[in-house]
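I open this notebook to keep a record of what I looked up, entry by entry, in the structure shown below.

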Amino acid sequence: MAISSAFSFLSDRKRPIAVAVILFIVLSSLFLLFSPAPSALPFFSSPSSHLSSSETSIPVSSNESPPEAPTSVASDGVSSRATADPVPDSADAPPPTTTTAAASDGVFNSTAEPPRPDAAAAAGDSEAEVPSPDHALPTPPVEVEGSGSAGNNETTTGVSGERDGEWQGGGGGGAVEEPVELPSWELCEVGKGVVAADYIPCLDNVEAIKALKSLRHMEHRERHCPEPRPRCLVPLPERYRRPVPWPLSRDMIWYNNVPHPKLVEYKKDQNWVRKSGNYFVFPGGGTQFKNGVTAYIRFIQQILPNIQWGIHTRTVLDVGCGVASFGGYLLDRKVITMSLAPKDEHEAQIQFALERGIPAFLAVIGTQKLPFPDNSFDVIHCARCRVHWYADGGKPLLELNRVLRPGGYYIWSATPVYRKDQRDVDDWKAMVALTKSICWRTVVKSRDINKIGVVIYQKPTSNSCYLDRKNNEPPLCSENDGSRSPWYTPLDSCLFPVVSSSGGGNSWPISWPERLNMKHTTTFNNSSIQFSQEKMDSDTNHWKDLVSEVYLNEFAVNWSSVRNVMDMNAGFGGFAASLIHQPLWVMNVVPVDQPDTLPIIFNRGLIGLYHNWCESFNTYPRTYDLLHMSYLLGPLTKRCHIIEVAAEIDRILRPGRWFVLQDTIEVIGKMEPILRSLHYRTTIVRQRFLVAAKGFWRPDSTGSQS
C-alpha cells in the first residue's frame, strides 16, 4: 500500500515497473551489505602468507564456541605467539585472560588468574554452577557448545583455482594425476553396548570379542581390529564444547564432554572425581591417596630420597592409573607420566585423564606385550591396580621388568603390602617369591600416616644375580628368543638379561633437563639398527629451527590453546624436543614399519609408543589438540587407504583443533580435498605444509551431508 501510494501519480501501466525496480534496488543493497569481502574470508591469502588474528577475520556460525585467548608468557622469556583460531566457539562469550609461567619441561606450574564467566551465559548454560572443591578452583569461561552437526550455511574454505595453479609451480611438482574419490561420510555404526561417541574401533569390535574362546587373560580388553577398516565418523556428545584450558583442566572439566557419572558413584568415598553442576571436579584424591596425591608424592620422596623427582626420575609408567591424578600432579615436579589403564568397568578413566590434559593410553597387560621398548621407564607405579602380577608364571610382572630401566624402581601401593587378611597375605608371599626370582631388590617398605603401605623394588643393573640363582626360574631368555618388537607379540615367559652380549644401551641417562640433548649410544640391545650421533644432532637442530621459524610463526594455530599433541612419525623426538618450553606434552609415535628410534626418545626423557597407522589408535575420540605427521602419509597409503587414515585422524582430533601435515605437494594434494570434504579449513604453507582446522560438522544419521 505504501509503495502504491508513493507512485500514485504514475499511470497504471508504469506502476508495476517502478515497484519491480525498487524491490531490485532493496534486495541488491541487502546482498552487498551482508556478503563478506574476499579479504574477510579465512585463508584467502597465499599459502605462504603469515596468518594472524589481526589479519584474518573468521566467520562465526551459531553452533560454535568462542576461541580461547592467547595466554602464554614463559618464565624464561619464551612466549607462544597468538594466531587466529580457525574455528571459533561463539560470538558472544568473551575469551578468558590468564597469565601463566612455563616450567623447563613445558608444564605451567604457577597459578593462573582465573578466567571469569560471561555474565550472560549462552543458551543452555544458564544453570551452570561453579564447583566448590576442597581447594578453591577458578571457573572456566562459559562457552556455547558445538552441536552434533552444522547447518548447510557453514563456511568452508579450501584450495581455490589460484591455489591449484600454485601446485603446478616450484617446490613440489605437478598436479595430482590420480585424484582420490571423495567419500560420502556417514556416522559409525557401533555394536550393542558401545557408546557411539566413545567408539574405538580396535577395542570395540563386538563381533570379534563375542567370538573369543577365553576371557581369562583379559583377551576382551586387547586389540581386535575390524575388517574392513572403518571409513566412518564418530558423532559428538550432545552439547559438546571445547575443553577447559590447561592448567585449569587438571582440576575440572566439562561434564558434557565426558558424560559418564558411573565412576563418581563407584568411587564416591575415595575422592577420585566429583560432579559439581556442569563440571567434573578432581580433588586429587585416590584409593591410596587419603591425604591427597600431593602428600602421597611427597611421602614417596621422603622414604626414597634417591628418586629425585624431575632430576633422576623423568619418565614414569602409572599402571591402573584411575583418572591419572598421580601423573597430573607429577607434572609440577617436571616428571612426564604415561598413565595406563584398560577400557573396562572403571568407565572412561583414560578419557577423563586426556580431557584433563594428562598423558594417558588405553592398554591391558593380558596376553600381549605393551607397545613400549625394552628398558624404557625410570619408574613404574601401581596404586591399588587390580593386576595379579604372579599369574601365569609371573608373566605380567616379567612385562613390567621388560619395560623398566635397569636400576629403575617399581612402586607398589596395594593391600597385600599392609593388610593381614588371608588373601592379601597369600598375595604378598607370592609377590615376595616372584620379585626375588627376578632379582628385584626390596629398597624400602613403609606405611604413611594412614597406615597405607608402600613397597619399592629396584631392578638390577647387572646379570650377576641372574647367574647366581639356584633355580633358573623364570629361565633366562636367549637373545634370539622371539621378536623384540612388542607389537602384537606374546608376553615373555623368560627373563631377558639386563646387559646383553652386545654391550651398551642400559646405562642410566644423565639428569633432566640435560638428558634431553644427551649424547646417545648408537646401538641398542637386541637391535641391529645404528644411528650416528651426527644424524641425531642434525635432526635436533633441524626441528628446533623449523618449529621456531615456521610452526610457531607462520601457521594459523593458536598454540596457547594446544595441550595434547601427537607426533605420528616421531623419528628421534626432535619435534617434541623443540616444543619443550611450551605448555603442552607430546605423544611420540614410532610406526612399526619405520626405523626403531623409540629407545632414543625415552633416553631423552620423552614418552611414546609403537603403532600401525593402518589401525585405530588406543585412545578415545576427541583427545588430541594437534596431530603432526611428517613424510609418513605417502608410504602409509601403500598399505591402507587414505580415506581410512583421514577417518582415524578425524576420530582422534578435537573439534576446533589442528592437523599439520608436512609432505610433498603431491601427497598434500591428495589429503587436502578429503579434509575439505570433512569441512576442515585448510591452508598450505611454503608448498610443503598443510594446516587443517577441524570444525564441529558431523553428517546426519542417514549419512547425508548436513
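I looked up Arg-622 and found it in the loop between E13 and E14, where helices (H or I, at least four residues) and strands (E, at least two) are DSSP runs, numbered from the N terminus. The model is a predicted one, in which local features need pLDDT of at least 70 and side-chain atom pairs count only at pLDDT 80 or more, while totals for chains, interfaces and linings use all residues. Residues are numbered from 1 along each chain as its sequence is written, and side-chain values use heavy atoms, with hydrogens and water left out.

Arg-622 has a positive phi of about 60° although it is not a glycine. I noted this since most residues other than glycine have a negative phi. Is Arg-622 buried or exposed? Arg-622 is buried, because its relative accessible area is 3%; here buried means under 20% relative accessible area, exposed over 50%, and partly exposed in between (1.4 Å probe, protein chains only).

I then turned to Gln-308, which also is not a glycine and has a positive phi, of about 40°. Gln-308 sits in the loop between helix H6 (293–303) and strand E4 (315–319), and it counts as partly exposed because its relative accessibility is 32%.

**Cis peptide bonds.** Most peptide bonds are trans, and I therefore wrote down the exceptions that I looked up. The bond from Trp-246 to Pro-247 is cis, with omega near 10°, and Pro-247 lies in the loop between helix H4 (206–210) and strand E1 (252–254). The bond from Trp-512 to Pro-513 is cis as well, with omega near 10°, and Pro-513 has its place in the loop between H12 and H13.

**Disulfides.** How many disulfides does the chain hold? The count comes to 6, a disulfide being taken as a pair of cysteine sulfur atoms within 2.5 Å. With the bonded cysteines numbered in sequence order, I recorded the pairing as 1-4, 2-3, 5-6, 7-8, 9-10, 11-12.

Cys-382 counts as buried because its relative accessibility is 0%, and Cys-385 counts as buried at 10%.

The next link is that of Cys-477 and Cys-494, with sulfur atoms 1.8 Å apart; it is right-handed, with 110° about the S-S bond. Cys-477 lies in the loop between helix H12 (464–468) and helix H13 (533–554), Cys-494 lies in the loop between H12 and H13, and the two are 17 residues apart. Cys-477 is buried, with a relative accessible area of 7%, and Cys-494 is buried, with a relative accessible area of 13%.

The link of Cys-614 to Cys-640 has an S to S distance of 2.1 Å, and since the torsion about its S-S bond is about -80°, the disulfide is left-handed. Cys-614 lies in the loop between strand E13 (608–611) and strand E14 (624–630), and Cys-640 in the loop between helix H16 (633–636) and helix H17 (642–652), so the pair ties together parts that are 26 residues apart in sequence. Both Cys-614 and Cys-640 are buried.

I also checked Cys-321, which counts as buried at 9% relative accessibility.

**Positive patch.** Which residues gather in a patch of positive charge on the surface? They are Lys-420, Lys-445, Arg-447 and Lys-451. Such patches are made of residues with over 30% relative accessible area and no salt bridge, like charges being joined within 9 Å and nonpolar side chains (Val, Leu, Ile, Met, Phe, Trp, Tyr) within 5 Å. Accessible areas come from the Shrake-Rupley method with a 1.4 Å probe, and a salt bridge is a side-chain nitrogen of Lys or Arg within 4 Å of a carboxyl oxygen of Asp or Glu.

Lys-420 is exposed, because its relative accessible area is 67%.

**Pro-599.** My last entry concerns Pro-599, which has its place in helix H15 (residues 598–603) and is buried, with a relative accessible area of 13%. The C-alpha atoms of Pro-599 and Ser-376 are separated by 6.7 Å, although the two residues are 223 residues apart along the chain.

Conventions: Lys, Arg positive; Asp, Glu negative; His and termini not counted. Charge placed at Lys NZ, Arg CZ, Asp CG, Glu CD.
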